[in-house]
Amino acid sequence: MEEKKKENADKKEKPDEGKVKETVEEVETEVLKETEVETKEVSEDKEKKPAKGKKGSRRSSSNSKALELELEKQKELLEEANDKYKRLLAEFENARNRNEKESKRMYDVGAKEVLEQLLPVVDNFERALQAIPEEDKERAFEQGVDKIYKQLIVTLDEIGVKPMNAEGTEFNPDLHNAVMHIDDEAFGENVVTEELQKGYMYKEDVLRHSMVKVAN
């Protein structure tokens, strides 16, 4: 009786070896299945998502090309703006020069009209001084007239009005108006022998032609 009890106790303490073996194999199978699933999921994630380094390098390369294109575009716009500025500046300078020349020309035209009217006054001063007798030239009144005449001549000279002093020069139809011709061997041919009325220049233009006598 005691031996049977002992055998039964041993059976209770020791589980069935067949059942334990089946349990271990089931656990191993489940672990293998879970591992395969996890491995498959990891590989699928890798295929779907590219490596961060490659994606970053691609983005960096595309950004660099875009910046280069934008820089080239800005350079072209800058060069175009500079060309336009230079052309506008040249046109402005040309217009300003034309305006200055036109203003000076108009000023000279107006000045000539006024100065031509002053020349008869100068002629009258010269005639008056020539008419003064030699003994009266030292008197105060005659001295005052002479000083006024000289002041007028200096003022005209500063403005740009100068006498031609044609006597003794070769006759020039652009400057002289020949009203008399004489035969005089003392003078060369076509030489001004006498200036009957003074001619004047205003800068580079003729203000009044000289009225002259010319030798044939």
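In which sense do β2 and strand β6 pair, and over how many bridges? I started my notebook with that one, and I found β2 running parallel to β6 (residues 210-215), with six bridges between the two strands. One pair I wrote down is I182, whose bridge partner in β6 is A215. A reminder to myself before going on: this is a predicted model.

**Entry: the chain as a whole**

I stepped back to get my bearings. I noted four helices and six strands in the secondary structure of the chain. Reading from the N terminus, I get the order α-α-α-α-β-β-β-β-β-β. Next I looked up burial: 17% of the 216 residues count as buried. The chain exposes about 18100 Å², and carbon and sulfur atoms supply 53% of that area. I also checked contacts between residues at least 6 apart in sequence, and 64% of them join residues at least 24 apart.

**Entry: the mixed sheet**

Back to β2 and its neighbours. I traced an open sheet of three strands in the order β2-β6-β3, with mixed pairing. At its edges I have β2 (176-182) and β3 (192-197), each pairing on one side only. Leaving direction aside, neighbouring strands here are turned by 30 degrees against each other on average.

**Entry: a nonpolar patch**

Which residues form a nonpolar patch on the surface? I listed V179, M180, L196 and M211, which together have about 300 Å² of accessible area. Is M180 buried or partly exposed? Its relative accessible area is 37%, so I put M180 down as partly exposed, a class that lies between 20% and 50%.

**Entry: the antiparallel sheet**

I then turned to the other group of strands. Three strands form an open sheet in the order β1-β4-β5, and the pairing is antiparallel.

I went through the two pairings in turn. β1 and β4 run antiparallel and are joined by three bridges. Along this pairing I see V161 opposite Y202 in β4. Strand β4 (residues 200-202) is also joined by three bridges to strand β5 (residues 205-208), again antiparallel. There I noted Y200, with R208 as its bridge partner in β5.

How many residues lie between β4 and β5 in their hairpin? I counted two, and K203 in the turn has a positive phi of about 60 degrees.

**Entry: positive phi in the loops**

N165 is not a glycine, yet its phi is positive, about 55 degrees. I located N165 in the loop between β1 (161-163) and β2. N165 has 49% relative accessibility, so I filed it as partly exposed, since exposed would need over 50%.

Where is N190 found? I placed N190 in the loop between β2 and β3. Its phi is near 65 degrees, again a positive value in a residue other than glycine. With a relative accessible area of 31%, N190 is partly exposed.

Technical notes
Residues numbered from 1 in each chain as written. Predicted model: local features only at pLDDT ≥ 70, side-chain atom pairs only at ≥ 80, totals over all residues. Heavy atoms only, no water. Pairing = 2+ DSSP bridges. Axes fitted to C-alpha atoms, helices over the stretch in contact; angles between N-to-C directions. Patch = residues over 30% accessible without salt bridge, like charges linked within 9 Å, V, L, I, M, F, W, Y side chains within 5 Å. Areas by Shrake-Rupley, 256 points an atom, 1.4 Å probe, with all protein chains shown as cover. Salt bridge = Lys/Arg side-chain N within 4 Å of Asp/Glu carboxyl O. Buried < 20%, exposed > 50% of the residue type's maximum accessible area, 1.4 Å probe, protein only. Contact = heavy atoms within 4.5 Å.
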